[in-house]
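Subject: Structure handover

Hello,

Here is the structure for your set. Please open it alongside this message; my notes follow below.

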Amino acid sequence: MFSLVLAVNSNSACVFLRDFAFYGNAECSATPTYISTQIYSTFLPNINNPLSPKSSFFNGRTIATHTSHIIKSTSHNNSSISMSLNTHNLHSFKFKPIEESIVSREISRCYITNMVTYTDVVILGDSSSGLSCAYGLSKNPNIGIAIIEQSVSPGGGAWLDGQLLSAMVVRKPVDLFLDEIEVDYDEREEYVVIKHVALFTSTILSKLLVRSNMKLFNAVAAEDLIVKEGRVGGVVTNWALVSMKHDIQSCMNPHAMEAKVVVSSCGHDGPFGANGLKMLERVGMIDFVRGINSLDMNTSEHAFVRLTKEIVPGMIITGMEVAEMYGTPRVGLIFGAMMISGQKTAHLALMTLEKNNAIN
């Protein structure tokens with residue numbers, strides 16, 4: 001059940017849904033997000049059980065009840081922005097010396113350190129839903145998160161939109177999540193427009209990668225699952241290029257990464273897509289995958305959020321894999337449900353980890 005906080009200010013009565021954002025550790029000082037009562041008729045119409053603002057918390061810290069700053073239209077005047085290297089003389093710029101072996105050593109050291117550091121949650125695929133899930137989880141510094149991304153470039157398909165065009169359209173009230181992560185947009189009555197999909201992806205990536213409990217392994221494929229006593233307990237990984245070319249080379253054994261929760265955010269079916277579901281089907285943990293249905297944005301976005309769930313013990317599916325599993329309509333060119341499905345997934349993972357969450 002989703003928990004709500006009711007708050008009244010001088011302008012209007014608002015509803016805060018903790019599924020959209022959670023707060024309460026030293027690393028996160030973002031302002032709580034308030035959601036208009038329109039939420040009842042949009043993504044989650046059956047919400048109940050309101051809580052007092054004083055009783056709402058994430059890992060023990062009370063949530064403040066002041067209104068958030070809302071970013072509106074992006075009409076910035078860039079003429080005042082100037083590039084400056086005042087501390088350097090470009091005519092006599094000189095780098096500090098370094099040995100080539102030191103560069104390789106530092107890169108290897110950082111990577112291996114990430115590999116051996118304990119992970120609570122492994123996220124397969126850093127699509128917009130996977131990134132939104134990781135963003136929510138990373139606010140708790142005591143939870144170790146690793147994203148496994150098969151592509152070299154992190155971000156999944158969230159770099160371009162329809163027919164390789166660049167703008168991103170997000171239906172309200174998901175603009176409140178964009179406010180939290182500080183993504184600028186142009187506002188319309190029922191939706192907002194981000195001038196380029198890459199603005200969302202690069203912004204949320206930049207906020208994720210600075211957090212000490214967050215690890216990203218790109219160009220790495222999940223080849224199999226770790227399953228013990230009917231519960232998913234991690235993933236088996238290999239270099240993506242090795243995984244894609246097993247048929248033309250001798251065996252190259254993979255690595256294993258254990259986790260308390262595995263999140264599958266691999267997207268719709270394709271060369272890299274729906275991989276989590278394919279692995280579950282192969283080992284007999286699910287009977288069949290229905291496949292995605294025809295386009296219907298208004299139906300599909302609600303269904304994505306509603307059907308985001310722990311599909312088998314230890315594994316949660318999110319984003320487009322929800323549509324693949326349950327045969328819901330495709331969402332097409334719109335991204336809001338991906339973000340909120342990811343945020344809900346973060347709370348489901350918190351529930352499994354027995355941390356404070358907005359589900360129970």
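Which residues do ring pairs link into a cluster? They are Tyr 111, Phe 217 and Trp 239.

Before the details, the ground rules. This is a predicted model, with residues numbered from 1 along each chain as its sequence is written. Local features need pLDDT of at least 70, side-chain atom pairs count only at pLDDT 80 or more, totals for chains, interfaces and linings use all residues, and side-chain values use heavy atoms, with hydrogens and water left out.

Confidence

pLDDT is the predictor's confidence in each residue, from 0 to 100. The chain averages 78. At least 70 is reached by 74% of the residues. Among the elements of the chain, helix H3 (residues 175-181) has the highest mean pLDDT, 97. Strand E4 (residues 57-58) has the lowest, 30. Helices (H or I, at least four residues) and strands (E, at least two) are DSSP runs, numbered from the N terminus. Treat residues 1-79 separately: their pLDDT is below 50. Beyond near neighbours in sequence, that stretch has 192 contacts in the model. Contact means heavy atoms within 4.5 Å.

Aromatic pairs

The structure holds four aromatic pairs. Rings of Phe, Tyr and Trp (its six-membered ring) pair if their centres lie within 6.5 Å. Planes under 30 degrees apart count as stacked, over 60 as edge-to-face and the rest as tilted.

Phe 93 and Phe 95 make one of these pairs. Their ring centres are 5.1 Å apart and their planes stand at 75°, so the pair is edge-to-face. For accessibility, buried means under 20% relative accessible area, exposed over 50%, and partly exposed in between (1.4 Å probe, protein chains only). Phe 93 is partly exposed at 41%. Phe 95 is exposed at 70%.

Tyr 111 and Trp 239 form a tilted pair, 5.9 Å centre to centre with 40° between the planes. This pair links distant parts of the chain, 128 residues apart. Tyr 111 lies in helix H1 (residues 100-116), and Trp 239 in strand E13 (residues 231-239). Both are partly exposed: Tyr 111 at 27%, Trp 239 at 45%.

Strands

Two strands pair if DSSP finds at least two bridges between them. Four bridges join E8 to strand E10 (residues 191-194). There, Val 169 stands opposite Val 193.

Strand E15 (residues 261-264) has parallel partners. Strand E6 (residues 121-124) runs parallel to E15, over four bridges. Ile 123 of the model stands opposite Val 263 in E15. Strand E17 (residues 315-317) is also parallel to E15, over three bridges. Ser 264 stands opposite Ile 317 in E17.

Which way do the side chains of E15 point? Val 261 and Val 263 point one way, Val 262 and Ser 264 the other, and all are buried. In a regular strand, side chains alternate between the two faces of the sheet.

One buried serine

Ser 129 lies in helix H2 (residues 128-138). Its relative accessible area is 2%, so Ser 129 is buried. Leaving aside neighbours within four places in sequence, Ser 129 is in contact with Ser 265, Thr 318, Gly 319, Met 338 and Gly 342.

Best regards
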